[in-house]
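Dear colleague,

I am handing over a structure that you have not seen before, and I would be grateful if you would look through it with the notes that follow.

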Amino acid sequence: MKMKAAFVFCLLAGLVLTISGFAQEGHPLTGVWYGDYGVNANDRAHLTIEMQWDGKGVTGIVNPGPDSFPLKVVTLDSSKWTVHLEADGKDGKGAPAHFVADGKLENIGSYNRTITGTWTYGTTKANFKIRRD
Amino acid sequence: MRRLIVLCSALALALITVMVAPVLLKAQEQPPQGQNPQVQQQGQRQGQGQDTAPNPQRGQGQGRGRGGRGAPAGPSKPTPRWPDGHPMIGAAPGEKGIWGACCGSLSNAQTPYQPWAKALYDYRRNNEFEPHTRCKPSGGARQFVTPYGTEIVEMPDAQKIVIFDIGGPHTFRQIFMDGKPHPKDLVPSYYGDSRGHWEGDTLVVDTIGFNEGFWMDRAGSPHTEKLHFIEKLTRTDYDTLKYEVTVDDPGAYTGTWSNSFQMRWGAGNELFEYVCQDNNFAPVLLIGQEEHVDRTSIIVP
């Protein structure tokens, strides 16, 4: 049993290393981003955003999986490296919500660049930070 | 139990290797300032040009260490040709020689960037965090931008041409000359899929299937997986290789664009062993102003 667990662990570790080894130097938003949002440090909800540049626009989904929802608006102002996102989905408690995010793209030259900013849903204004993995 | 120990030891070794690599990857080779007029004219940035890596050819009396610097003064000899008449773009059988660096910057004032691509290009001009300098393979024209030169080996029997560069991670590009089209459903890769054919005295190389893990030139011209890269190589005389590039990437540019360069023949020069991870000695040149970037990741990004 231990052998099996070790084998699976090694396999997964190798897979993660392999996948992560492919840097992405194209459009700065393309990729999978992980992070969270919330009104304070103690009240956070997990956030995964996958974005893809098709040559004309960026499409994407939030929290891929059974509760995913698509991004309706994605804009990048490359003169300031600011990002604007909008989506209709569910908040951390499962209630329908319209999300509006405005953030700043940082460490652009890094594979693990980040976006930080405000994350608004309904009347609640939170902050968010996501990191490209 | 012993197998478990072996497995874990292997994993630990792999992790240690990957963790240590970024520390070793301080910087990679840089063309020596003023030693390659072509590159200097075509967009080398301020601060480049500190070649700190050892060159085994120095001090051995073999040529002068780099492609293009062993070329004799005076009129060049005519273009060497194969028995079938087409030009030799590499060394003739029994000869030694490599091509000097070219094309530091493909783009120019007329390059039709999309806004994000222009912004990213400008950003990279100040923040050099190039994958090549972290020992990643570099496709496109970047393969010809190393200070030690590039060797082109024609293999008529195998119906392929192979391009080797010194200064990268011991990789090579194959150009298939068998007349077959690009395969469908290509998996994106650093060098893509290159198909070549002759148009008169010009070798035309058509490449698609690139990944986005590299810069296609030294200056940081962005590209996407939609990149279609067309190269035309013409050996106009013994010492000169004309290198024309057309970039077709609707993901990053609003139209196709082209540029043209020349490489000089370094007669007598040869490839030598260059281990990228052992020769990175220029961290400032490597990362520019991005010294704050976290480089402690176990992954070389």
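Predicted model: local features only at pLDDT ≥ 70, side-chain atom pairs only at ≥ 80, totals over all residues.

In the hairpin that strands S3(B) and S4(B) form, with six residues between the strands, B:Gly167 takes a positive phi near 120 degrees.

Residues are numbered from 1 along each chain as its sequence is written, and chains are lettered from A and ligands numbered from 1 in the order in which they are written.

**Strands of chain B**

Strand S3 (residues 160-165) and S4(B) run antiparallel and are joined by five bridges, and B:Ile161 has B:Ile175 as its bridge partner in S4(B); two strands are taken to pair if DSSP finds at least two bridges between them. S4(B) is also joined by two bridges to strand S5 (residues 193-199) of chain B, and this pair runs parallel, with B:Arg195 in S5(B) as the bridge partner of B:Phe176. Strand S4 (residues 172-176) of chain B has B:Arg173 and B:Ile175 on its covered face, and B:Phe172, B:Gln174 and B:Phe176 on its uncovered one. In a regular strand the side chains alternate between the two faces of the sheet.

**Helix H3 of chain B**

Helix H3 (residues 115-126) of chain B has twelve residues and reaches 17 Å from its first C-alpha to its last, close to the 16 Å expected at 1.5 Å a residue; the expected span is 1.5 Å times one less than the number of residues. Which residues of H3(B) are buried? They are B:Trp116, B:Ala117, B:Ala119, B:Leu120, B:Tyr123 and B:Arg124, where buried means that 20 or more other C-beta atoms lie within 10 Å of the residue's own, exposed means 12 or fewer, and partly exposed is in between, with C-beta atoms placed from the backbone. These residues lie on the same side of H3(B), because they cover an arc of only 160 degrees around the axis, the arc being that of the directions from the helix axis to the C-beta atoms. On the other side of H3(B), B:Pro115 and B:Asn126 are exposed. Strand S4 (69-77) of chain A is included in what covers the buried residues of H3(B).

**Chain A**

Chain A has one helix and eight strands, and 29% of its 133 residues count as buried. A:Leu105 lies in strand S6 (residues 96-106) of chain A, and A:Leu105 counts as buried because 20 other C-beta atoms lie within 10 Å. Beyond residues up to four places away in sequence, A:Leu105 touches A:Pro28, A:Trp81, A:Val83, A:Arg113 and A:Ile115, a contact being a pair of residues whose C-beta atoms, placed from the backbone, lie within 7 Å.

One of these residues, A:Trp81, lies in the loop between S4 and strand S5 (82-90) of chain A. Its phi is near 60 degrees, a positive value in a residue other than glycine, and A:Trp81 counts as partly exposed because it has 19 C-beta neighbours inside 10 Å. A:Asn107, in the loop between S6 and strand S7 (114-121) of chain A, has a phi near 55 degrees, again positive in a residue other than glycine.

**Cores and confidence**

The largest nonpolar core has 65 residues, and those with the most contacts inside it include A:Phe128, B:Cys102 and B:Tyr243; such a core is a set of buried Ala, Val, Leu, Ile, Met, Phe, Trp, Tyr and Cys residues joined through C-beta atoms within 7 Å. H3(B) gives the most to this core, with five residues. A second, separate core of five residues includes B:Cys135, B:Ile166, B:Tyr274 and B:Cys276.

As for confidence, the model scores ipTM 0.73 and pTM 0.74. The mean pLDDT of chain B is 77, and 68% of its residues reach 70 or more, pLDDT being the predictor's confidence in each residue, from 0 to 100. Over residues 15-66 of chain B the pLDDT is below 50, although this stretch has 114 contacts in the model beyond near neighbours in sequence.

With best wishes

Conventions: Helix = DSSP H or I, 4+ residues; strand = E, 2+ residues; numbered from the N terminus. Contact = placed C-beta atoms within 7 Å.
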